[in-house]
Amino acid sequence: YSTVKYSALRLDPKEKEVILKKIVNALKKDRLYLNPELNLKDLSEAIDSNSRKVSQVINDTLNKSFFDLINTYRIEAAKERFKKNKDSKLTVLEVMYDVGFNSKSSFNTQFKNRTGLTPSEYMKLN
């Protein structure tokens, strides 16, 4: 991600660090990624910052786009669900919806890109 995109918006390292901590807290502790409608504006409001700053911190500090970051958390949550699953009736679709995806093709693509397996294959292995 290019820093040229944000050349007009200079964030000092301290402010970047504060925003990053708030982002991580909102995602890890508050689990905002579970909301399938979550967007950059919602996340920014939740951490009391503006969208441009939040986007810049995600891009520059984490080298990810907003959706890539959110999907990373969602896939990790799905993997966790599959690993801890004791219910033989649990379906891939249930997990998909539970972790915030609302498109099966998107879920399958993201999951396979990050794990090398489809959600069904992953579920069978665990």
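Predicted model: local features only at pLDDT ≥ 70, side-chain atom pairs only at ≥ 80, totals over all residues.
The buried residues of helix H3 are Val54, Ser55, Gln56, Val57, Ile58 and Asn59.

Now H3 itself. Helix H3 runs over residues 51–62, which is 12 residues. At 1.5 Å a residue it should span 16 Å, and its end C-alpha atoms are 16 Å apart, so the two values agree.

Look at the two ends. At the N-terminal end, asparagine 50 is the cap. A side-chain oxygen of asparagine 50 lies 3.0 Å from the backbone nitrogen of arginine 52. After H3 comes asparagine 63, with a positive phi near 55°. Asparagine 63 sits in the loop between H3 and H4. Buried or exposed, asparagine 63? Exposed, because its relative accessibility is 54%, and the cut-off for exposed is over 50%.

Let me step back to the whole chain. The protein chain has seven helices and zero strands. Along the sequence the pattern reads α-α-α-α-α-α-α. The C-alpha atoms fill a box of roughly 50 × 25 × 20 Å along the principal axes. There are 126 residues, and 33% of them count as buried. Take the contacts with a separation of 6 or more: 64% of them come from residues 24 or more positions apart.

Next, the packing. Two packed helices are described by the angle between their axes and the distance between the axes.

First pair on my list: H1 and H3. Their axes come within 10 Å and cross at roughly 95°. That makes H1 roughly perpendicular to H3, because angles of 65 to 115 degrees fall in that class. Who makes the contact? On the H1 side, Glu15, Lys16, Ile19, Leu20 and Ile23. On the H3 side, Lys53, Val54, Gln56, Val57, Ile58, Asp60, Thr61 and Leu62. By class, that contact holds seven nonpolar, two polar and four charged residues.

Helix H6 covers residues 104–115. H4 and H6 pack at about 80°, with their axes 10 Å apart. They are therefore roughly perpendicular to each other. H4 brings Asp68, Asn71, Thr72, Ile75, Ala78, Lys79 and Phe82. H6 brings Phe107, Gln110, Phe111, Arg114 and Thr115. The class count is five nonpolar, four polar and three charged residues.

Lysine 79 is in helix H4. Which class does its accessibility give? Lysine 79 counts as buried, because its relative accessibility is 16% and the cut-off for buried is under 20%. Leaving aside neighbours within four places in sequence, lysine 79 is in contact with Phe111, Thr115 and Tyr122.

Now back along the chain, to the stretch before H3. Serine 44 is placed in helix H2. Serine 44 counts as buried, at 2% relative accessibility. Its contacts, beyond neighbours within four places in sequence, are Ser49, Asn50, Ser51 and Val54. Two of those names have come up already.

Aspartate 48 lies in the loop between H2 and H3. Its phi is near 60°, a positive value in a residue other than glycine. Aspartate 48 is exposed, with a relative accessible area of 69%.

Last stop: threonine 91. Where is threonine 91 found? In the loop between helix H4, residues 66–84, and helix H5, residues 92–98. Threonine 91 counts as partly exposed, at 34% relative accessibility. A polar atom of its side chain lies 3.0 Å from the backbone nitrogen of glutamate 94. Threonine 91 and methionine 123 are 32 residues apart along the chain, and their C-alpha atoms are separated by 9.0 Å.

Methods. Residues numbered from 1 in each chain as written. Heavy atoms only, no water. Helix = DSSP H or I, 4+ residues; strand = E, 2+ residues; numbered from the N terminus. Buried < 20%, exposed > 50% of the residue type's maximum accessible area, 1.4 Å probe, protein only. Polar contact = N/O pair within 3.5 Å; in protein donor to acceptor, adjacent residues only side chain to side chain. Axes fitted to C-alpha atoms, helices over the stretch in contact; angles between N-to-C directions. Parallel < 35°, antiparallel > 145°, perpendicular 65-115°, else oblique. Contact = heavy atoms within 4.5 Å. Nonpolar A, V, L, I, M, F, W, Y, C, P; charged D, E, K, R; others polar. Expected span 1.5 Å × (residues − 1).
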